[in-house]
Amino acid sequence: MISTYEPVSKKIGHYSANACLLPICSLHGIAVTTVEGIGCTKTRIHPVQERLAKCHGSQCGFCTPGMVMSVYALLRNHPEPSMEQIASALAGNLCRCTGYRPILDGCKTFSEPFCCQRKENGNCCLDQEGKLEGEKTPIKLFSADEFQPLDTTQEFIFPPELMRMAENEPKRTLVFHGERTTWISPTSLKELLELKAKYPKAPLVVGNTSVGIGQHLELLVCPDMKFKGVYHPVIISPARILDLNVVRYMDNGLTLGAACSLALVKDVLTNAVSELPWEKTKIFRALLQQLKTLGGQQIRNIASLGGNIISRKSTSDLNPILAVGNCILNLASREGTRWIPLSDIFADGAGNNTLTPKEILVSVHIPYSRKEEFVSAFRQAQRRENSLPIANTGMRVLFAEDTDIIMDFGIFYGGIGSTSICAKQTCQALIGRHWNEKMLDEACRLVLKEVSLTGSAPGGKVEYRRTLMISFLFKFYLEVLQSLKKMDPHRCPDIPEKYRSVLQDFHTKIHQNKQIYQVKQLPQDPVGRPIMHQAGIKHATGEALYCDDIRAVDEELFLAVVTSSRAHAKIVSIDTSEALRAPGVFDIVTTQDVPAKNEFYIFSDPEILFAKDKVNCVGQIICAVVADSEVHAKQAAAKVKIGYETLEPVILTIEEAIQHNSFFEPQRKLEQGNVDEAFETVDQILEGEIHIGGQEHFYMETQSVLVVPKREDKEMDVYVSTQHPAFIQEMVASCLGVPANRIMCHVKRVGGAFGGKVVNTGLLASVAAVAANKTGHAVRLILDRGDDMLITGGRHPVIGKYKVSGKKCCAQTIGPLYANLFLREDRVCKTNLPSNTAFRGFGFPQSGLITESWMTSIAAKSGLSPEKVREINMYKETEQTFYKQELDPENLVRCWKECIEKSAYYSRKIAVEEFNKQNYWKKKGIAIIPMKYPFGFNKRFLSQAAALVHIYTDGSVLLTHGGIEMGQGIHTKMIQVASRELKIPMSNIHFCETSTTTVPNACVTAASVGTDVNGMAVKDACQTLLKRLEPIISKNPKGSWNDWVKEAFEQSINLSATGYFRESLIISMLYIFYNIKKVKVFIISHSQIEGAFVQGIGLYTMEELKYSPEGVLYTRGPAQYKIPAVCDIPEQFSISLLSSSQNSYAIYSSKGMGEAGLFLGCSVFFAIWDAVTAVRKERGLTEPFTLNSPLTPERIRMACADEFTEMVMRVFFWNTPL
């Protein structure tokens, strides 16, 4: 949080902000508060920290400090915020673990009232619509009565010395000299103009969010300087100049300084809308509509209005409105000032030279709207909030008084070209026309003709973006029609009833949730209770240490990798001469420096440390630079020159791999029965194909490793963020040519992994180890987000082709599919992209979606409902699965029936159908998806675990096991296990770290079995210790734990024990119901279900990887790659444990829910499929169709064919005369 003091008004402002966007030089005179500053475990924790932790709002904990500070900044300004304010404050934060629900739960406690149970009748909103019939009152996950109150009088005051400095010290120009860059912050407009004349190419930086006030703006820390290597000798910061921060109400409009933050602009416009007549504020309202979703609160707090304008980015949500609203720019240079229409800067596209290099944008004048004038803004993005638009628009129309005759018309589009585009010819042609459907039809055709978008346009989605252009126009037509109707009921015709849903915006309601589970043990038994994460408080205070938090080691070096820029090429040369001369560079590491093996075999094809003769993908590591700082290492890495000779073919897709017969061997086949013979005897055969895209892990903590070589015996300590320390130990030992007992791997905690921190981490740790071995220094390697996404692979994309059959039972039904007869053939494609790797679910999310897709298609073909087809094909009695396991379907059937009954599925389905009948342009969908999930590994040796438990003479217990804490709370669970078995409080037990020095050969923490196998090992060790103590306890049954431990020591009884366990395969069964906004899950275990479910929503509906034709990953950060945010979670999410269900195979009936919940997100996919089906049916489209994953807005819209998509297709593909 940053805090500022305004000496004139004597006001202090508090703002949340992204640290990565705040250059240190820009913070002169500003108070900065970090998460460590508001509270810590050594003194006192702040209520925000306490509530987020105790409400279980922290899992891996890496995102928690950001969540805390966003809410803290909000509370400093609004001590009793509304839920809308809370959701807005968190819109700029991302979490990959929790699913956001528990974070919102913690924040709700600050809202008044935070729960509707405060009503006089005592009823909760969750007991109304969608009540879980027959369920007992849920046990609370937390008790709000135990929270310390928020006392605003106890907050830190603004530093008096900064206040005195602002009031007493005269403003002076600030100049900061860096190693390569000079930062200048002038205090007057005159001085700024002199500087701009002297340094015309110097960027002007205010918000530093890729925008600024001057022309030729580049980024200071973000995309340009970070990814493009742009270097600026001089940077000018005009943020302190009063002329650029003006807010002035005038007779004809509002003037805003170019340096005003977007948050300030939003506040000013909000006040203006509340105080001025409605007819004057139509432009203001359109701007406010876009500002609500433009970035997160942290971005809006520092991004400037002027920067947004002058950058002329096509994705600007504000520029189309400002341009169409006839806003005026006030420009200044040393030669003088001038005023120009804002639309002029877009007249000739991105190359527009309206502004000279020496000119500065001083302010923007936004005129008041007129009575007969109407202005609207629309946008479509991959995600509702904090996402750059795919396309947007600003539209304005002015009518002759008391008529519907157009006097002036304006349309500007964003996201269509290289900058905002004006449909000038279309607008001119429509002047004098009446506002009716004939005008609308002509407007659509004209705009498609004028605003060209070729098939090779940057960004793709050509047909979709063209459809959006005329869809926006249609919505604007209806909005204006509605406004005219309100002004004069006789002025224009009524809007048809079925079209009115177009005018209803989506509004997110307050999130509701319910978690129901049973507790049937003694009060002192911690197992099965909602225990706070063992490190939850430390997550919230920033005291939890991750790999990069380890303090610098003496003479530590930093490593930056040099990666391939070609997808398939021969390495001709590596020129490191310039890099070696760069400041701070210590050495460069190549394949020649690897002491032993440069490759590591996991399967038939090797994993390569350093590319030697050729590269097989963009992002493959060729060499690495070690330097005295991370900045110097990256600067030098950019100076390494690689010579290439292109090799053919370059294979980037599955289709291209099939074309070139590029596959890994052997081909996998799973077969049971004679499938060909069965197809000859069936009544119906269905064939189809579905494409499923890949997915980026997007763990919050990127790949991180610190290697510290010791002075003797070739020993090394490797501190690494990994799921598999033993594998890292093996890889590092292999590349260095030393025994594994010389490599000690340590893992305190991991900031998210999801399968992505095993093989990739091993390669990176080995690279760092080779560098440490060569230099003799400790080496730290921390990938930034862009490099992490470029180098490491994610979930495998899949093309699924299916052919299924069944028999008719009677005229109206279809019998079960031949589930006991199947043939599955898998080919793994070899491409020139980074190798994909494990990701939560291990292939099940892809194969499960393929299966449910053909189930849905069978339902469409047979005329049955999807849920009926699924029910027909369920297990009915004890049968063998294709894993050759006996499966009793009792719990499966119970789950299905309970979910249908308690969710009121059929009544909701009727309500959905009724809604769809009444709304032509909005549709709802509903889906219920069953799942039988086989978790664990298919190799028994991978499901073994060991534990080590020490009891010290003071009675305290130190627990160690082979599992890795990465958000699932495994250490907390192991402490619960030890507490139950040893019958001592959890506070007596401590876990330090996972290390290969204490538990050797530990298996990877993955496949949802970490808690089960390690829990059994801990249980085994504790039972061994308790058995040793039994004779002492029996002799002194009334003694205390400390008495028994002390006596045991005195009797020379070993107070240390190891535990061991190995496991066979277990099956977990889950069911889910989803109704667009309401989710109810009935499962045997709900551990991590919400986070997995939301991650599944991302996989199936949102997260899309994009590559260039050369194999370069486009989506290399949160700006391009969208994971679900707070705005994307279900409005109602209820979880219930299946009652009276036991599992004797696992620790205390645990069911391993880490992965299975992810597939449940496909219920959203099929609910959307259901809604699309309703659209197509209403439009007379009866032919079969398939939807691919991710089911993005583009795919949904283009599947909902209508007159607009048809118009686009005619114009775009066949060039039909208009």
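Side chains of opposite charge can pair when their charged atoms come close. In the predicted structure, 42 salt bridges are found, and three of these pairs are described here together with the parts of the chain in which their residues lie. One of them is formed by the side chains of Glu167 and Lys10, for which the distance from N to O is 3.0 Å. With regard to accessibility, Glu167 has a relative accessible area of 35% and is partly exposed, while Lys10, with a relative accessible area of 53%, is exposed.

A salt bridge is also formed between Glu825 and Lys669, whose closest N and O atoms are 3.8 Å apart. Here the two residues lie in strands, Glu825 in β33 (residues 822–829) and Lys669 in β25 (residues 663–672), and the pair links distant parts of the chain, 156 residues apart. The relative accessible area of Glu825 is 46%, and this residue is therefore classed as partly exposed, since the class lies between the limits of 20% and 50%. Lys669 reaches 52% and is therefore classed as exposed, the cut-off for which is over 50%.

In the pair of Lys923 and Glu1178, the side chains meet in a salt bridge with a distance of 2.8 Å from N to O. This pair, too, links distant parts of the chain, as Lys923 is placed in the loop between α28 (905–918) and β36 (927–935) and Glu1178 in helix α34 (residues 1162–1178), 255 residues apart. Lys923 has a relative accessibility of 18% and counts as buried, because that class takes in values under 20%, whereas Glu1178, with a relative accessible area of 36%, is partly exposed. Elsewhere, salt bridges that share partners bring Arg370, Glu373, Arg396 and Asp408 together in one network.

Apart from these charged pairs, the model contains a nonpolar patch on its surface, which has an area of about 240 Å² and is made by Val247, Tyr249 and Leu264. Of these residues, Leu264 is located in helix α9, which spans residues 262–275.

Technical notes:
Residues are numbered from 1 along each chain as its sequence is written. This is a predicted model: local features need pLDDT of at least 70, side-chain atom pairs count only at pLDDT 80 or more; totals for chains, interfaces and linings use all residues. Side-chain values use heavy atoms; hydrogens and water are left out. A salt bridge is a side-chain nitrogen of Lys or Arg within 4 Å of a carboxyl oxygen of Asp or Glu. Buried means under 20% relative accessible area, exposed over 50%, partly exposed in between (1.4 Å probe, protein chains only). Helices (H or I, at least four residues) and strands (E, at least two) are DSSP runs, numbered from the N terminus. Patches are made of residues with over 30% relative accessible area and no salt bridge: like charges are joined within 9 Å, nonpolar side chains (Val, Leu, Ile, Met, Phe, Trp, Tyr) within 5 Å. Accessible areas come from the Shrake-Rupley method with a 1.4 Å probe; for residues, only the protein chains shown count as cover.
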